[in-house]
Amino acid sequence: MEATGTDEVEKIKSKFMSAWHNMKYSWVLKTKTYFSRNSPVFLLGKCYHFKTDGTYVALHSVQSYSAGALWIEISGNVEEFRKDFISRIWLTYREEFPQIKGSALTTDCGWGCTLRTGQMLLAQGLMLHFLGRAWVWPDALDIDSSDAESWTAHTVKKLTASFEASLTAEREPKILSHHHRGMLKRNRDANEMRNEVYHRKIISWFGDSPLAAFGLHRLTEYGKKSGKIAGDWYGPAVVAHILRKAVEEARDPDLQGVTVYVAQDCTVYSSDVIDRQCSFLDSGEADTKAVIILVPVRLGGERTNMDYLEFVKGILSLEYCVGIIGGKPKQSYYFAGFQDDSLIYMDPHYCQSFVDVSIKDFPLESFHCPSPKKMSFKKMDPSCTIGFYCRTVQDFERASEEITKMLKSSSKEKYPLFTFVKGHSRDYDFASSPLREENDLFSEDEKKRLKRFSTEEFVLL
């Protein structure tokens, strides 16, 4: 009876905290983000300039459950930047989703922000893999105040804008035959349909249901192996390992061509990465996989060291960068770009209602952020995880050379922030256990590392 009473108290406590967090994170937020016209803006490797008369472009947003964003002034390349930013997948707190196994929780408000930023980073990696960096959502600019009545109450309009138009840089003949015009239209329509399918499919993998491959329910289940339960706060390093395990365990055929590697103690072992890329597919055939490399690092002691600013900016200038899981102390953000000494980010601390991604034509609007936010680099928490995407082994080798040069040029001290090393981790006396029991998701070595990461302790050189 005592145990039953305790369970009831915990359920009541959980429901009370959920109600409080839902209210706390559902307020209408009025924000104004200023961008200088005199400095370039970088977003995941793409550069934009807002040069016109004056000094600042103000991007206003009114964020609430029922409001989009109002952009007051558009000049220069602002529209292209808006379209690119809004096209990134935004994953936030949700409420009223199916109960998480082993708990009474039906919301992640107040505790799931790092899992959400980790999801956003992985989503960007999958977007690079399936859609490419040039892709933008054709309906991106439709998210504005005209859709204020409800983001999730209406069916999404058919995607009609031409993605191909943004890619046809080569000159076309002035007069096209009917046959040629028909071929171009069919190719454009086929690409649009394919992109729409993958856009929706990627979002569905992050749905808030037990069946979603990278949904909160699966991630918290994998988190149990590192001593975490639903309702706990997760650090960026632990989330990196959870994401790796989630991709490893995913069974969707489309995901068999992607793998995730997590750096060990700020070291990327090149042969370990290439082994992952060249592993066998489920079909038994040998093939090269794309890899998402996650590097948990610490940018200083108790506070972020400003000496690392140029390196972080350099990383976010690379097109194969998939962002940074970081934030302020106990408040995680997904960093995707910068202007001057300010980081551009997407904020998961916004409670939205559950969307059933299993239904046909589920609404997409609430998965795309209508407005960017900026934060001074010096306010950033030093603990973070950096992500990169490499489609081929050759891409990885080029990336490792490029990033190594950046690390050396940005390191004022003897030791860089992290390193790329030739060979396998086992060559450097690291314990490795490639063969493990099927039901043991993390090796003993991984469990020890995860426990250390969960306290956010790093060796500072």
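Modeller: Let's start with E248, which is partly exposed at a relative accessible area of 29% (buried means under 20%, exposed over 50%, partly exposed in between, with a 1.4 Å probe and protein chains only). Salt bridges with shared partners tie E248 into one network with R244, K245 and R276 (each bridge is a side-chain nitrogen of Lys or Arg within 4 Å of a carboxyl oxygen of Asp or Glu).

Colleague: What should I know about the model itself?

Modeller: It's predicted, so local features need pLDDT of at least 70 and side-chain atom pairs count only at pLDDT 80 or more, while totals for chains, interfaces and linings use all residues. Numbering runs from 1 along each chain as its sequence is written, and side-chain values use heavy atoms, leaving out hydrogens and water.

Colleague: OK, how far apart are the closest N and O atoms of R276 and E248?

Modeller: 3.0 Å. That pair links distant parts of the chain, 28 residues apart: R276 sits in helix α7 (residues 270-277) and E248 in helix α6 (residues 236-249). Helices here are DSSP runs of H or I, at least four residues, numbered from the N terminus.

Colleague: New topic: which residue does D108 bridge to?

Modeller: R116, with the closest N and O atoms 2.8 Å apart. D108 and R116 are both buried.

Colleague: And where do R200 and E196 lie?

Modeller: Both are in helix α4 (residues 178-205), four residues apart, about one turn.

Colleague: Is R200 buried or exposed?

Modeller: Buried, at 12% relative accessibility, whereas E196 is partly exposed at 23%.

Colleague: How many salt bridges in the whole structure?

Modeller: The search finds 15.

Technical notes
Helix = DSSP H or I, 4+ residues; strand = E, 2+ residues; numbered from the N terminus.
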